[in-house]
Amino acid sequence: MSKTGAELRSAFLSYFERNGHKILPSASLVPGNDPTLLFTNAGMVQFKEVFLDLAATQWKRATTAQRCLRVSGKHNDLENVGYTARHHTLFEMLGNFSFGDYFKKDAIHFAWEFLTREIGLDGKRMTASVFREDDEAYDIWHKTMGLPASQIVRFDEKDNFWAMGPTGPCGPCSEIIYDQGEGTGCGRPGCAVGCDCDRFLEIWNLVFMQFNQDESGTKAPLPRPSIDTGMGLERLAAVVQGVPSNYDTDLFRPILSEISRLCGKRYGSGPELDAPMRVIADHARAVAFLIADGVMPSNEGRGYVLRRVMRRALRHGKKLGFEGPFLHKVAGSVVREFSPAYPELTNSASFIDTVAFQEERRFLETLDAGLRMVEDEFARMKGAGAGVFPGGAAFKLYDTYGFPVDLTADLCRERGVTLDAAGFEAEMEKQRAQSRVSWKGGEIGAHDPVASELARSGAGSVFVGYERQEADARIEALFLAGVRVASADRGEEVDVVTDQTPFYGESGGQVGDTGTISGDGFSLQVTDTRRPSPEIVIHRAKVVEGAVREGRIAHLSVDGGKRRVTQGNHTATHLLQAALRKVLGTHVKQAGSYVGPDKLRFDFSHFEGLSPEALASVEEAVNEAVFAARPVRWEQLPYEEAVAAGAMAFFGEKYADVVRMVTVEGVSKELCGGTHVRNTAEIGLFRLLSEGALAAGVRRIEAVTGLPAWRQLRQEAETLHGVARELKVGGAEVPERVRKLAAQIKTLEKALQEARRRSARDLVGEILAKAEERGGVRRVAAEVEPMDPAALRELADSVKGKLGSGLLLLGAREGERCHLVAGVTSDLTSKYSASEIVKKAAAAVGGGGGGRKDMAQAGGPAVEKLPDALATLSGW
């Protein structure tokens with residue numbers, strides 16, 4: 001009996017759970033542990049540090065259904081999406097992993113048993129490929145599993161050898177390939193396993209990590225060989241359901257039906273409509289999951305990828321007749337279909353809808369502007385008799401207005417002109433190069449050698465700082481400059497690891513604690529504490545007295561004053577998020593934070609600046625909770641139970657099976673590992689400092705609490721009272737008085753400029769009197785009284801009008817800058833250029849400028865060089 005995609009996903013995870021694997025949730029599409037990747041593109045990404053031996057794991061076997069995105073780098077499938085049966089931007093990868101536990105024999109057995117017995121696929125239609133030198137895998141398939149030699153092929157490194165990078169873990173692979181039958185193939189006589197057509201479909205790749213490759217290319221056997229496998233759910237569903245295309249499976253049909261309903265056209269009526277529908281269905285999945293994982297449309301990095309995917313979908317929407325926003329509705333169908341497997345999508349439904357709709361609306365506005373630019377370019381070409389649409393213009397349409405180049409090409413074809421595709425690609429390559437430069441990649445695990453060594457050795461600390469700020473502990477390890485040492489002397493800075501600690505290590509936005517570590521004959525000042533993993537807390541300290549050694553017993557004491565203020569700020573961020581969601585809407589989500597003893601910073605998703613009224617409402621809502629003296633409590637409970645209780649969890653974040661939920665009674669519930677006050681009254685007072693844009697769709701608020709908040713209010717009050725005293729009004733009258741003064745200043749400035757213009761016009765005769773004639777050309781250069789560029793340009797016009805024939809250069813000082821205007825009468829513009837004259841003069845004052853041949857202006861900061869600048873006219 002055929003299984004649905006959801007049933008296949010569930011069957012896979014259940015099968016491996018029965019075989020000793022821990023089911024782990026899908027990680028975020030934004031890899032939190034790998035700065036080398038834009039997106040999670042394989043199931044093993046969340047385990048990279050484990051495979052690299054940089055982190056420990058409590059499981060030897062794991063299994064996942066991992067959402068993956070492939071739209072960049074060597075895995076860029078974007079242009080094929082919609083036109084083939086099996087390419088996608090977003091897909092689900094089913095995987096089972098062994099971390100130094102079972103190896104080839106069990107991995108092959110699990111895969112074959114799942115496919116043939118659990119799913120019921122016909123083993124006679126499957127072929128196994130092995131690396132050409134991997135006799136072990138060949139023998140397992142042939143002798144142990146009984147697969148005939150005719151169903152085993154050997155391939156070379158290109159197809160059957162995997163490496164994480166130029167160095168590191170690597171090993172041969174074995175692929176399982178399913179024969180979909182002659183009807184789906186290319187029909188060529190030589191069509192066989194390895195053909196690029198759709199007949200022989202790779203459905204599962206088993207990677208045997210058994211070597212560690214060094215920089216010379218030498219492969220040494222790994223002490224703990226591991227297993228990493230990946231099988232695309234969409235391909236498996238197509239095979240099991242007996243359909244030729246992934247889009248014909250139940251994973252896509254409901255989304256395609258929604259598109260059909262919205263546009264009023266039937267899927268399956270022909271390739272002209274089917275391809276756009278498939279593109280939209282695929283891209284809507286990517287849009288929903290990316291936004292749920294916190295990626296916002298923007299012009300760089302991950303946000304730019306999301307924007308490209310969305311605009312490609314919107315462009316295909318035009319082919320279906322969509323004129324207004326529609327993609328957010330299709331994304332809504334994705335949320336409905338995938339929420340049972342990814343319940344976090346339900347919590348993000350409103351956010352996904354809002355972000356997608358706003359991006360659609362914005363693009364539709366630029367789409368019209370882009371169309372106008374196309375028409376302007378066509379008009380210019382017609383006037384010039386040109387027949388090629390410039391590649392630079394096509395790129396500007398693409399880059400500025402998000403105008404897809406193939407849409408530009410379509411319009412060119414309609415007008416009978418050719419698009420300069422090579423010119424467009426040249427401009428595009430420049431941008432790609434710039435993007436590569438701006439992408440801040442990095443190396444996994446290279447940032448903290450201390451944490452890496454501790455992970456390898458299995459050392460760790462127990463955090464006891466939720467309940468107390470002092471504790472006795474054994475010093476487990478010491479590091480000097482990343483190198484483990486037995487002792488450290490006075491004056492040295494050292495990383496200290498103890499078996500337990502009350503110090504909170506920096507994580508989740510909260511800064512690390514400071515304080516002291518002391519013992520018999522030694523004392524250390526802790527300047528920072530970090531927590532690179534839940535099991536590891538590292539104190540950065542300076543030895544201020546004696547010498548400290550591994551194995552000694554020490555007394556650890558946190559700086560209580562800083563901790564108390566930090567706790568108040570942390571609880572205040574929870575109140576702030578609740579207030580923002582109450583005032584602005586539930587689309588508000590945390591996008592980052594800083595919680596320290598000095599202030600709190602909270603980044604959140606929102607699309608426009610907050611009005612003064614909204615800011616006031618947010619601030620009041622937080623203070624209402626503070627003054628209500630609400631209890632704050634925390635508890636450990638299973639993740640599912642916490643989410644069911646209403647705790648806010650961040651989709652894509654990695655949570656343990658048991659989580660810590662912080663509850664502010666009647667206000668908020670959040671999954672949080674930070675330290676908090678016991679009662680909101682301990683916060684004392686909350687005061688907003690600033691609000692502004694951080695990135696597209698992301699805002700930032702900074703605030704203070706407690707005594708700093710009171711000091712902020714006192715400073716603001718003193719400022720207000722000082723202004724009131726200067727204005728000789730009461731404090732409440734200051735705003736109105738300032739408005740009146742500003743209006744008066746504006747009126748006076750306008751009158752002053754007008755007076756200067758009148759005065760300057762009176763100078764025309766005086767300036768003309770300085771004219772000198774040389775070589776039959778009159779030249780006049782003069783410095784006039786201070787005025788702005790507009791007044792100076794007006795004066796130059798008047799002088800030029802009276803000059804009759806000649807060159808002029810006028811200069812004026814205004815504050816710390818000087819302005820220059822050059823003029824050339826019309827009878828001399830064939831010989832002289834005002835633009836060149838003013839550029840040469842501007843160089844003398846350290847500035848620049850330009851303009852037309854008859855009139856140009858410039859400026860510069862070197863006011864004292866203005867006479868030198870004016871003297872340059874004599875050189876023309």
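Let us start with helices α7 (residues 253–263) and α8 (residues 271–292), whose axes come within 9 Å and cross at roughly 120°. Axes here are lines fitted to C-alpha atoms, for helices over the stretch in contact, and angles run from 0 to 180 degrees between N-to-C directions. Helices (H or I, at least four residues) and strands (E, at least two) are DSSP runs, numbered from the N terminus. The angle makes α7 oblique to α8; angles under 35 degrees count as roughly parallel, over 145 as roughly antiparallel, 65 to 115 as roughly perpendicular and the rest as oblique. The crossing of α7 and α8 is right-handed, a term for the near helix being turned clockwise from the far one by less than a right angle, with left-handed for anticlockwise.

This is a predicted model, in which local features need pLDDT of at least 70 and side-chain atom pairs count only at pLDDT 80 or more, while totals for chains, interfaces and linings use all residues. Residues are numbered from 1 along each chain as its sequence is written, and side-chain values use heavy atoms, with hydrogens and water left out.

Look now at the residues between the two helices. From α7, Ile255, Leu256, Ile259, Ser260 and Cys263 meet Met277, Arg278, Ile280, Ala281 and Arg285 of α8, where contact means heavy atoms within 4.5 Å. By class, this contact has seven nonpolar, one polar and two charged residues; Ala, Val, Leu, Ile, Met, Phe, Trp, Tyr, Cys and Pro count as nonpolar, Asp, Glu, Lys and Arg as charged, and the others, Gly among them, as polar.

Follow α8 onward and you reach another partner, helix α10 (residues 327–338), packed at an angle of about 75° with the axes 8 Å apart. α8 and α10 are therefore roughly perpendicular to each other. Here Ile280, Ala284, Arg285, Val287, Ala288 and Phe289 of α8 meet Leu327, Val330, Ala331, Val334 and Phe338 of α10. The residues of this contact divide into 10 nonpolar, no polar and one charged.

On the α10 side, Leu327, His328, Ala331 and Val335 take part, meeting Ala349, Ile352, Asp353, Ala356, Phe357 and Glu360 in α12.

How confident is the prediction along the chain? The mean pLDDT (the predictor's confidence in each residue, from 0 to 100) is 88, and 95% of the residues reach 70 or more. Among the elements named, confidence is highest in helix α1 (residues 5–18), at a mean of 97, and lowest in helix α16 (residues 449–457), at 71. Over residues 435–446 the pLDDT is below 50, and this stretch has 21 contacts in the model beyond near neighbours in sequence.

Next come the strands. Strand β13 (residues 470–480) joins strand β22 (residues 553–558) through five bridges, running antiparallel; two strands pair if DSSP finds at least two bridges between them. Asp472 has His555 in β22 as its bridge partner. Leu478 stands opposite Val496 in β16 and opposite Val485 in β14. In the hairpin of β13 and β14, two residues lie between the strands, and Ala481 takes a positive phi near 50°.

Further along, four strands form an open antiparallel sheet in the order β23-β24-β29-β28. β23 (590–595) and β28 (686–695) stand at its edges, each with a single partner strand, so one side of each is left without a neighbour in the sheet. Eight bridges join β28 to the antiparallel strand β29 (residues 698–705), and Arg687 stands opposite Val704 in β29. Helix α20 (residues 706–727) lies across β28 and β29, at about 95° to β29.

We finish with an open sheet of six strands in the order β30-β31-β32-β33-β35-β34, with mixed pairing. Its edge strands are β30 (772–774) and β34 (848–851), each pairing on one side only, and the twist averages 15° from one strand to the next. Helix α23 (residues 789–803) packs on this sheet, touching β31 (777–784), β32 (807–814), β33 (817–824) and β35, and its direction makes about 155° with that of β32. Helix α24 (residues 834–844) lies across β32, β33, β34 and β35, running at about 155° to β33.
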